[in-house]
Amino acid sequence: MYEQNQTYTRLSRAQIKANSKQAMGQQRGITIGITALYMLIAGAGSIFAGIPMLGAIIVMALPWFITMPLAVGMSGSFLNVYGGQQIGVGDMFTTTFTVNYIRKVGGMAWMALWVTLWSLLFVIPGIIKAIAYSMTGYILAAHPNVTATDALKLSMRMTQGHKGELFMFYLSFIGWLLLSGLTFGILYIVHVGPYMQTAMAGYFVELRNRAVASGAIQPHELDPQSVAAQ
């Protein structure tokens, strides 16, 4: 599937977004459900924030053990949406908590740690590194044999030379996000969130293809067990 120096047509940002709109439209109800559920779970900590002790424990534990690994499951779901595979809302939970759960927790925590450390050197280094590490969740979702620490390294190599391009990609959604704020998040749930998530998944696929085609990443690095089994 990932042959080095393979010939493929490089997609532009506009093409990726157009493909994403089409793919999302084919499963709009499912993508809305996934987005709404993730936002509900991510915001659940605020419900318990006022409860002494218990609230503090829940607020501290929720991101590390629920929200961040669930983000990996959501990334996997939107990768399937972008690839034209039919999914269900429950797939996000199944892939999160039954497949390599500890690896997902470790990978996302490792990424958060490094983004935080770089952010201590002022805002700009933090933003640059956040973009460099932004493919980690997709790698954890799409390539279950890649270790948590290697996922971060592969993300850095995938985004090498493309961080400015990725920044402009994220910036292209600013207008949509402002409109979402004016609708108190409703527009985000029913359109902007599913659209962004599908497009981000599409950008991961594009960067992965570029990295493999150029030799920046070797195919066996995405599936280490296939080499071990030989």
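At what angle do helix 6 (residues 101-119) and helix 7 (residues 123-132) pack, and how far apart are their axes? In this predicted model, local features need a pLDDT of at least 70 and side-chain atom pairs count only at pLDDT 80 or more, whereas totals for chains, interfaces and linings use all residues. Residues are numbered from 1 along each chain as its sequence is written, and side-chain values use heavy atoms, with hydrogens and water left out.

The two helices pack at an angle of about 155°, and their axes lie 7 Å apart; axes are lines fitted to C-alpha atoms, for helices over the stretch in contact, and angles run from 0 to 180 degrees between N-to-C directions. Helix 6 is therefore roughly antiparallel to helix 7, a term applied to angles over 145 degrees. Val 115, Trp 118 and Ser 119 of helix 6 meet Val 123, Pro 125, Gly 126, Lys 129 and Ala 130 of helix 7, where contact means heavy atoms within 4.5 Å. By class, five nonpolar, two polar and one charged residues form this contact; Ala, Val, Leu, Ile, Met, Phe, Trp, Tyr, Cys and Pro count as nonpolar, Asp, Glu, Lys and Arg as charged, and the others, Gly among them, as polar.

Ala 130, a residue of helix 7, is partly exposed, with a relative accessible area of 32%. Buried denotes under 20% relative accessible area, exposed over 50%, and partly exposed the range in between (1.4 Å probe, protein chains only).

The protein as a whole contains 14 helices and zero strands, helices (H or I, at least four residues) and strands (E, at least two) being DSSP runs numbered from the N terminus. Of its 230 residues, 40% count as buried. Among contacts with a separation of 6 or more, 74% join residues 24 or more positions apart.

His 162 is placed in the loop between helix 9 (148-159) and helix 10 (163-171). This histidine is buried, with a relative accessible area of 13%. Leaving aside residues up to four places away in sequence, His 162 touches Leu 207 and Arg 210.

The average pLDDT, the predictor's confidence in each residue from 0 to 100, is 88 for the protein, and 87% of the residues score at least 70. Over residues 1-5 the pLDDT is below 50, although this stretch has 18 contacts in the model beyond near neighbours in sequence. Where pLDDT is low, predicted coordinates should not be read in detail.

Definitions and conventions
Parallel < 35°, antiparallel > 145°, perpendicular 65-115°, else oblique.
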